Amino acid sequence: MKKKEQIRNVGIVAHIDHGKTTLTDSLLAGVGLISHKIAGKARVLDYLKEEQKRGITIKTANISLLHENSGKQYVINLVDTPGHVDFTGRVTRALRAIDGAVVVVDAVEEIMAQTETVTRQALEERVKPVLFINKVDRLIKELKLTPEEIQKKFAKIILRVNSIIEKYAPPEHKKDWQVKVEDGRVAFGSALHKWGLNLPHMKAKGITFRDIIDAYTGDPDEIGRKVEALSKKAPLYEPILDMFCEHLPSPLEAQPYRQTQIWPGDPKSPVGLAMAKVDANGPLLMCITTIEVDPHSGVVAIGRVFSGTVEKGKTVRLVTSRQKGSIQQVYMSMATDRVIVEKIPAGNIAALSGLPSIHVGETIAEEGVETAPFEALKYVSDPVVTVAVEPENVKDLPLFDKVIHKLTLEDPNLHFKIDKESGQYLLSGMGELHLEVTAYRMQE
Ligand code: GDP
């Protein structure tokens, strides 16, 4: 975490159902956080029950992984971004914390509306993409494509992704951010069956498209055995994590060119200079991208440390809300778990507790150092649907009040107000599904 060149802050963006959650589980299984057998079923990041029930990702969860590439160890901070259209505000927020992303595309459905929307949002935040073409097993089993037809399908997807990059990438990166098969910036595979390859890995392992098709021919038992063997020989996490290390930028590389996009402060100020160098000894500057409330740690604020170091016991300034606070505990986020650490240096994602009235988008800064807050986050959509809510029993009003407070704190796309004339409690959200999920969480 101290070696800035060996940190990658990355996310996964995809149209709903294209396999983001399954891919995440496969990556976690790859590094040993969950067993291989339950990957694809456990859905670690979907830790809300409601998400399991509906099979969509609502909350952002973050995980730090360790991966070795060319003899070096990399810290990969994986920030999960929700893909559902009702929750695009959360996607935008998560993008602040990452420098690179893997775009997941279902090989059968190809590029869908939401693939384009989230990829565009990422590019506009100067997040560099690589590509993973998922569900290749379906091309073989269901569509029965030949190796040539599979490659044609890939070429079509790559062309579309590159035209999105051409359109929305920052001008200086329209060319060099194009994803290419030859240098290994395009991987393909099956997140469900946990195998994956890119061209360099195919060459190194001597695996051809014929071999892959062959793995899916025979009786079910035989296919089961051959696909399992393929997932051992070409585990999905290898090309994905290698792409992160080899093709996505470190904070040291990314912060200088992302700085002006995500922070309106003076690049020549002490904070600006420290941010460009990702200086762990510089003045603290952190942007909060997620708030979680849990019964044990209370309010936990998660975000990217752009400069300085967050440390237990340190007094900090909350720039937007003009408050002071003391960091009670520092954690690394491991999905549903948190690991307590003493400090986390610039360039990483950190979780903090002890700062009670903190909001998403808040800037945490060194005490006594003048700094601009991070830009107000631009939301793609405003709340559009409003419902009246009330506790069934009036005596639950204090609890109702507490729950509303917690939910609106965690989710800035949720607005609450009391209508003075009617006395109704009005809750506004991004769509019916968003409000339904919120109602469910209130009841829970
Ligand atoms: P998300 O909405 O992008 O997180 O998508 P999920 O990971 O929840 O996947 C959506 C559905 O596609 C689930 O039923 C998965 O089991 C299925 N799925 C994911 N990856 C693959 C794959 O590689 N092959 C096949 N056949 N199905 C997959």
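In helix α4, the buried residues are Gln-114, Thr-115, Val-118, Thr-119, Gln-121, Ala-122 and Leu-123. The model is a predicted one, and the helix in question runs over residues 113-124, 12 residues in total. From the first C-alpha of α4 to the last, the distance is 17 Å, close to the 16 Å expected at 1.5 Å a residue. Arg-126 follows α4 and has a positive phi, near 60°.

The ligand has 17 residues around it, of which Asp-17, Lys-20, Thr-21, Thr-22 and Asp-137 come nearest. Sorted by class, this shell comprises six charged, eight polar and three nonpolar residues. Two helices, α1 (20-30) and α5 (136-141), each supply at least two residues of the shell. The most is given by α1, which provides three residues.

For Asn-134, an N or O atom of the side chain is 3.0 Å from an oxygen atom of the ligand. For Lys-135, a polar side-chain atom is likewise placed 3.0 Å from a ligand oxygen atom. Ser-190 also has a polar side-chain atom at 3.0 Å from an oxygen atom of the ligand. When taken alone, the ligand exposes 570 Å², and 81% of that area is buried by the protein.

A further site concerns Gln-259, which is located in helix α11, residues 251-262. Gln-259 has a relative accessible area of 4% and is therefore classed as buried, the cut-off being under 20%. Apart from neighbours within four places in sequence, the residues in contact with Gln-259 are Pro-267, Gly-272, Met-275 and Ala-276.

At the level of the whole protein chain, 14 helices and 20 strands are assigned. The chain contains 444 residues, and 58% of them count as buried. Among contacts in the chain with a separation of 6 or more, 69% are accounted for by residues 24 or more positions apart. The accessible surface of the protein chain amounts to about 19100 Å², and carbon and sulfur atoms contribute 53% of this area.

Note on methods
Residues numbered from 1 in each chain as written. Predicted model: local features only at pLDDT ≥ 70, side-chain atom pairs only at ≥ 80, totals over all residues. Heavy atoms only, no water. Near = heavy atom within 4 Å. Polar contact = N/O pair within 3.5 Å; in protein donor to acceptor, adjacent residues only side chain to side chain. Areas by Shrake-Rupley, 256 points an atom, 1.4 Å probe, with all protein chains shown as cover. Helix = DSSP H or I, 4+ residues; strand = E, 2+ residues; numbered from the N terminus. Nonpolar A, V, L, I, M, F, W, Y, C, P; charged D, E, K, R; others polar. Expected span 1.5 Å × (residues − 1). Buried < 20%, exposed > 50% of the residue type's maximum accessible area, 1.4 Å probe, protein only. Contact = heavy atoms within 4.5 Å.
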